[in-house]
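Dear colleague,

I am passing on the structure we spoke about, with the sequence alongside, and below I set out what was found in it.

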Amino acid sequence: MTTSTAETAVPRVWLACLNCYNSGHLVGQWVDCTDVENTTLADLHRGSGRGYAGCEEVWVFDQEYVPVDGEFGPLEAAQWGEAYDEVGAERWPAVCAWVHSGSHVTGGRGDIPSLSDFEQRYCGQWPSFKDYAEQMADDSGMMTGWPELAVQHFDWAGWTRDLAFDYTVMDAPADQGHGVFIFRNL
């Protein structure tokens, strides 16, 4: 099994034996979501001093770097691992921000986001929305052919404020260099 660190932010879960938990014993371990499907009841009981006769079901009781709250099953944990593998470590914090925003599109599997929709909407990480808007104006040639006086008196603040209604902007975490993640509202 792999190990999570703050630098990689690999989604992981506390996978536990449900029978043992219901009997008053906390038997389980932290598992990267990418390894959930390979984790057996024997793995969870190893080192617990408890056998696993009569144990059949495992459950997720806690999680890290998974952008949803609450308990869920190992199948959903594995699906989060698949999403992480598909999007990659570099973009995972942006996916988490998109899910936390509440504007994400699910892929029909619970809260698991549609990564094709994520790719369509993700505009990158920027120091600020203002920086994004100014770059977008430059790239599009928005002011090409405008008289100099019109360019000098353009209401950048108003234009940027109005443009922001078409986007979801989420703060990027400190370990991601601060700034913001920007997503188109389609």
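Two strands are taken to pair if DSSP finds at least two bridges between them. By that rule β7 and strand β8, which covers residues 180-184, are paired in the antiparallel sense, with 5 bridges between them. Please keep in mind throughout that this is a predicted model.

These two strands belong to an open sheet of 3 strands, ordered β6-β8-β7, in which the pairing is antiparallel. Its edge strands, each of which pairs on one side only, are β6 (122-126) and β7 (167-171), and neighbouring strands are turned against each other by 20° on average, direction ignored. Helix α4, made up of residues 92-101, lies across β6, β7 and β8, and runs at about 65° to β8.

Strand β7 also has a helix packed against it, namely α8 (residues 156-163), whose buried residues pack against both α6 (129-140) and β7. Which residues of helix α8 are buried? They are Gly158, Thr160 and Leu163.

The model has another open sheet of 3 strands, in the order β2-β1-β3 and again with antiparallel pairing. Here the edge strands are β2 (28-32) and β3, each pairing on one side only, while neighbouring strands are turned by 30° against each other on average, direction being ignored. Strand β1, residues 12-17, pairs with β3 in the antiparallel sense over 6 bridges, and Leu15 is found opposite Val60 in β3. Helix α3 packs on this sheet, where it touches β1 and β3, and the direction of the helix makes about 40° with that of β3.

Although Tyr65 is not a glycine, it has a positive phi of about 60°. Is Tyr65 buried, exposed or partly exposed? Its relative accessibility is 33%, and because buried means under 20% and exposed over 50%, Tyr65 counts as partly exposed.

With kind regards

Technical notes. Residues are numbered from 1 along each chain as its sequence is written. This is a predicted model: local features need pLDDT of at least 70, side-chain atom pairs count only at pLDDT 80 or more; totals for chains, interfaces and linings use all residues. Side-chain values use heavy atoms; hydrogens and water are left out. Helices (H or I, at least four residues) and strands (E, at least two) are DSSP runs, numbered from the N terminus. Axes are lines fitted to C-alpha atoms, for helices over the stretch in contact, and angles run from 0 to 180 degrees between N-to-C directions. Contact means heavy atoms within 4.5 Å. Buried means under 20% relative accessible area, exposed over 50%, partly exposed in between (1.4 Å probe, protein chains only).
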